[in-house]
Amino acid sequence: SPWHFMAQLFDPIREKTVARAFSNGENKVVVRVPKYRADGTKLHVLKLFLEVYSPDGIRKTESNVCIPPPYGLALVKPYLDGPEIEKRPCCRGILSNSISCSASVRSLWGRICSQYDSFLSANLKVDCPSDRLLLWTRTRAWMQVEGFSYEFGTPFQTRFEVDGAGRFARWYFSVKCTLGRSADFIFTLSLADAENAALLRIERVKSGDNDILSPVTVVLRPDVEWRSFHSSTKAFEGAESHFPKSVGSTKESFVFAPYGDSFVLSMPGAVFHQDPQWVYNIAHEEESERGQTPDGDVFSPGWLSVEMPVKSSYVLTGRFVAGMDAAKTVCDTVAPSFSKEKLSLRGIKDSLIDAMNLFIVRRDNLKTVLAGFPWFLDWGRDTFIFMRGMIASGMIDSSIDILRAFSEF
């Protein structure tokens, strides 16, 4: 500094000053930064307080000194708990499968922050990546018991998890009712392998001594669209009258077919109630920040209801069906197998390898790499940069498949 000063380094974790020094004759100090002390999932942030004794008087400043975890201690946290969800409601989870079908969901159930958010964005050209068709935007949900209705979300959501390899996302709820009783649920979204289908598993689990015990009614209202994932739906452009006319239904399902092909959504054991509804001007915060279209509309053909006793589960499945052959129902779709255990902290290396698998998809009978979710397809430059990590991780066969695929170009 040009002037004499005092420096103080404060550690909020230990709640103590770990270093204090006055500048020497050269107006500088050397401070040894303490060892990393946080839990491995975040930076260890120290506070640096300075008092500079300038000719114009004392100037005080406060800065952060951030210590990253050493490699061996660094951990990835694939979940958020209740208070963290309220602070970070737009934290994104990405799912994908081998044919470039994808989902982009948020930590807070039902929240939409972008035009790319969806439960199902189908890749119609299944042999290679292409612009995706956004079909199933989200699902709103309520629990009904003894004449009362409780909407899933804040304040009942207790946890959000997303698998690092993009196999599933999971929301936990504890719905508090009258007289201190509660009902607990786990919602799990996954993508079927090698087809344009998404599965939402609704499970009611025992919540302890305060459980309601009696069956409750769960109401699900899916919101749908039919558009390129690079655009947004505007009801006034014709969809407002056209979409409701494009819905057919059975007892347990509906078929949405506005433009020749079909989106079929069904839930065996539930009852579908046709009740068209629009939700207008949903904010797309991320696009708004970039000066793009700031909002969009979604359409709901109706709602499904199902009675759920403790330890019961149902699967809501949505599938794209080419053409008008909606007789190909989704009832036969089987959810991918994955652990039902809560996700825990993982090491950096395993987490990065998981994440790499999220981006490796099919190109014809070989493989390619998606250049980034939720926007991009496969590009040569990004693919070959990515392959350096694949080779370092031992993914030699997949790397050879990618080289063969791109040699055709």
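1. Ground rules. Residues are numbered from 1 along each chain as its sequence is written. Because the model is predicted, local features need pLDDT of at least 70 and side-chain atom pairs count only at pLDDT 80 or more, while totals for chains, interfaces and linings use all residues; side-chain values use heavy atoms, leaving out hydrogens and water.

2. Strands here are DSSP runs (E, at least two residues; helices are H or I, at least four), numbered from the N terminus, and two strands pair if DSSP finds at least two bridges between them.

3. A pair inside the sheet. Strands β13 (residues 168–176) and β14 (residues 182–191) pair in the antiparallel sense over 9 bridges. Trp171 stands opposite Phe187 in β14.

4. Aromatic rings. The whole structure holds 32 aromatic pairs. Rings of Phe, Tyr and Trp (its six-membered ring) pair if their centres lie within 6.5 Å; planes under 30 degrees apart count as stacked, over 60 as edge-to-face and the rest as tilted. Trp109 and Phe173 are edge-to-face, because their ring planes stand at 90°, with centres 6.2 Å apart. Trp109 lies in the loop between β8 (102–106) and β9 (118–122) and Phe173 in strand β13, so this pair ties together parts 64 residues apart in sequence.

5. Phe173 again. Phe152 and Phe173 also form an edge-to-face pair, 5.0 Å centre to centre and with 75° between the planes. Phe152 sits in the loop between β11 (148–151) and β12 (157–162), 21 residues from Phe173. Both Phe152 and Phe173 are buried, and Trp109 is buried too. Buried means under 20% relative accessible area, exposed over 50%, and partly exposed in between (1.4 Å probe, protein chains only). Ring pairs link these residues into a cluster whose members include Trp109, Phe152, Trp171, Phe173 and Phe187.

6. Thr233. This residue lies in the loop between β16 (216–228) and α2 (239–245). Thr233 counts as buried because its relative accessibility is 7%. Leaving aside neighbours within four places in sequence, Thr233 is in contact (heavy atoms within 4.5 Å) with Glu225, Arg227, Trp278, Gly296 and Asp297.
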